[in-house]
Structures are given as C-alpha cells and as structure tokens.
Amino acid sequence: MTDANTGARSPENPLKTKGKVSLGQEEKQSFAPFMITFVLMFATWLILSGNFAPLLISLGLISSLIVAWFFHDLLFPSLTGKHLGIFIKFSAYIPWLIIEIIKANFHLLYLVFHPRMKELIDPHIIDFKTNLESDLAVTTLANSITLTPGTITVTTGSDGSYRVHAIDKPSAEALPGTMLDKVADIYGENK
Amino acid sequence: MNIIDIIVAFLLVSGFIFFLGGAIGIIRMPDFYSRLHPAGKLDTLGIGAMVAGLAVYNLHHFSLTALLVSGKMLLIVFFVFMSSPTATHSIVDAGMRAGLRPWTRKEGANMEQSEPRKEEN
C-alpha cells in the first residue's frame, strides 16, 4: 500500500517541499507519521525481500529512511490522538465486513446458479443521502458497498450522497442500514 | 497434519466454487452492470479463499521462508481486496458516463432485441 501511494503521488512536488519545511517547525507532530511510514516501508521490504543478509538489511533501512523522510506527510497528512481510535475501530470493522461479504457472496451464488435467475433479479439504481462528512468516511462506505455483492457504488459525492446499482430487492433494502452506522461510528460522525 | 489438509481442501474447493459462480454469472446476467456483480465480487472472494488455502498449504513445513512466502500471498489478497472494488466502480462509472442504461425488469423486452442469445426465460 505504501509503495503504491508514494508512487502515485510523487509528481506533486509542492507536497514534498511542504513536508521539508514543516519538519523544522512541527518536529514533534511529524515524528509519529515519519516513524509509522518508516516501519511500514521496512516491514514491506523485509516481507518482499525475505533475505536477511546484513548488506541487504542495511540497504533496506537506508531506502526506507529516505522514503519515509520525503513522504511521511503523504500517508498520514495529519496525525492526532483521534486517529488511533479510528485505527482500532477500523480493525474491529474489518472482520464484520468480511463476514458480511461472505454472506452476501452466498446470496449472489444462489442467484447465479438459480435456473430462473431472471425472475429473481431486479436490477435498479437507488439514491440515498448520508450525513458522512470526511472524505475517508465517504470512501470507506463506498468501497464497503462495492465489496458487498449485490450492490455497486456508481457515484458518490463529498457531501455524502450515494448512487448505488443493486442487483435485487433484498440487497437494495439492506443498504444504508447497519453498514452506515458502523462506518459513522468508526469516524465518530454519529449524529 | 490431517486437519491442515482438510482446511486447505475446503478453502481451495470453496474458492473454486466462487470462481465458477463468477464465470457462470458473467455469462448468465442480462446486462453490463449486472454482469459486473459476479465479475467483481465473486472473484474477489474466490481469490481470497484460494490464496488463503495455498498460504496454509505452504506452511506445511514450517520455516521462516515459508512464513514469508505466505505473507506475500496474503499481501496479494490484500491488494486485490483494495483494488477490485475501485476497478469495478470505475467500470460502472465509465458505463454511466457513456450513457448506457441499466437493464430493468420492465424494459427487459427492449433489451432482448439487442441481445438475441438470451431467449430463454
């Protein structure tokens, strides 16, 4: 994940210089993002390389340090104590999401193998509005909807509006529901 | 040892069933958008189950190298889980932008003319 993000955004030079400047002023604030980025990069290096010769380890250390130095503010633009809570709640959300994905996959399997599939499915598009505010929350819900079979997010706006393509009635009815509550709970946006 | 074999077989077979369902679903579904449902998601869970099965099988002879290889396999699953919904979403978005109207129950009669192979019902 880290490699892909830095690779995709590296052309944006302003971000890079901004990181350098802010290092002097807010050294305390940018230290935690720096360390987390460094640990992530180095862990990725270790897993992908799988070679524990001293030379390769030190090469990995140096390159992780350089990358973390330049790009620590790309992965975690602002890191406060709140983000730790988000991380913990998000980790608790993942297993629930996986169970939900598996349940919905069986429903889709049933549809696909049903002899009279065309009478069961009823594809239609539904719109609904949520009160999610942060981009991260909106994106999480959009990707969760797409991952859950039977529903695909078509468009989503930063104001929390969604347009979803649903394959049949039950998938559509289940929609904002619990998943929205859970996502809102992760990012502390319960209203 | 035997329990590991059973887990591996279970994961591989269920992954196979998901992939099979995805492939059949792509052929059977009536239109572009509904085809993406099995294509994008049954495959995601299929690859998850299959690669998890292979990762467990790989740990038969436990060693650091085997653990690292299994870690790489789980990374593949992670990346697929991240990128598959995004790709599905952008394909749907492209269809919407191009103005392709979704198949619905009522308009099914019109659509069938453009897809003559779907005469069974």
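Chain B has four helices and zero strands, and its elements run α-α-α-α from the N terminus on. Helices here are DSSP runs of H or I with at least four residues, strands are runs of E with at least two, and both are numbered from the N terminus. This is a predicted model, in which local features need pLDDT of at least 70 and side-chain atom pairs count only at pLDDT 80 or more, while totals for chains, interfaces and linings use all residues. Residues are numbered from 1 along each chain as its sequence is written, and chains are lettered from A and ligands numbered from 1 in the order in which they are written.

Staying with chain B, 30% of its 121 residues count as buried. Buried means that 20 or more other C-beta atoms lie within 10 Å of the residue's own; exposed means 12 or fewer, partly exposed is in between, and C-beta atoms are placed from the backbone. Among contacts in chain B with a separation of 6 or more, 67% come from residues 24 or more positions apart. A contact is two residues whose C-beta atoms, placed from the backbone, lie within 7 Å.

Now a helix pair. Helix H2 (residues 32-58) and helix H3 (residues 64-98) of chain B pack at about 175°, axes 9 Å apart. Axes are lines fitted to C-alpha atoms, for helices over the stretch in contact, and angles run from 0 to 180 degrees between N-to-C directions. H2(B) and H3(B) are therefore roughly antiparallel; the cut-offs are under 35 degrees for roughly parallel, over 145 for roughly antiparallel, 65 to 115 for roughly perpendicular, and oblique for the rest. By class, this contact has 18 nonpolar, eight polar and no charged residues. Nonpolar covers Ala, Val, Leu, Ile, Met, Phe, Trp, Tyr, Cys and Pro; charged covers Asp, Glu, Lys and Arg; the others, Gly among them, are polar.

One residue in helix H1 of chain B is Ala9(B). Is Ala9(B) buried or exposed? Ala9(B) is exposed, because it has 12 other C-beta atoms within 10 Å. Gly53(B) is 44 residues from Ala9(B) in sequence, and their C-alpha atoms are 7.3 Å apart.

On to the sheet in chain A. Three strands form an open sheet in the order S1-S3-S2, with antiparallel pairing. Two strands pair if DSSP finds at least two bridges between them. S1(A) and S3(A) pair over six bridges, and Phe128(A) has Tyr162(A) in S3(A) as its bridge partner. H7(A) lies across S2 and S3 of chain A, at about 145° to S2(A).

Next, the contact between the chains. Chain A contributes 28 residues and chain B 30. On the chain A side, H5(A) has the largest share, seven residues. That side divides into 17 nonpolar, nine polar and two charged residues.

Last, the largest nonpolar core. A core is a set of buried Ala, Val, Leu, Ile, Met, Phe, Trp, Tyr and Cys residues joined through C-beta atoms within 7 Å. Which of its 36 residues touch the most other members? They are Ala137(A), Leu141(A) and Val183(A). H2(B) gives the most to this core, nine residues. Leaving out residues up to four places away in sequence, Leu141(A) touches Leu132(A), Met179(A), Leu180(A) and Val183(A). Another core, of five residues, lies apart from it and includes Phe34(A) and Trp45(A).
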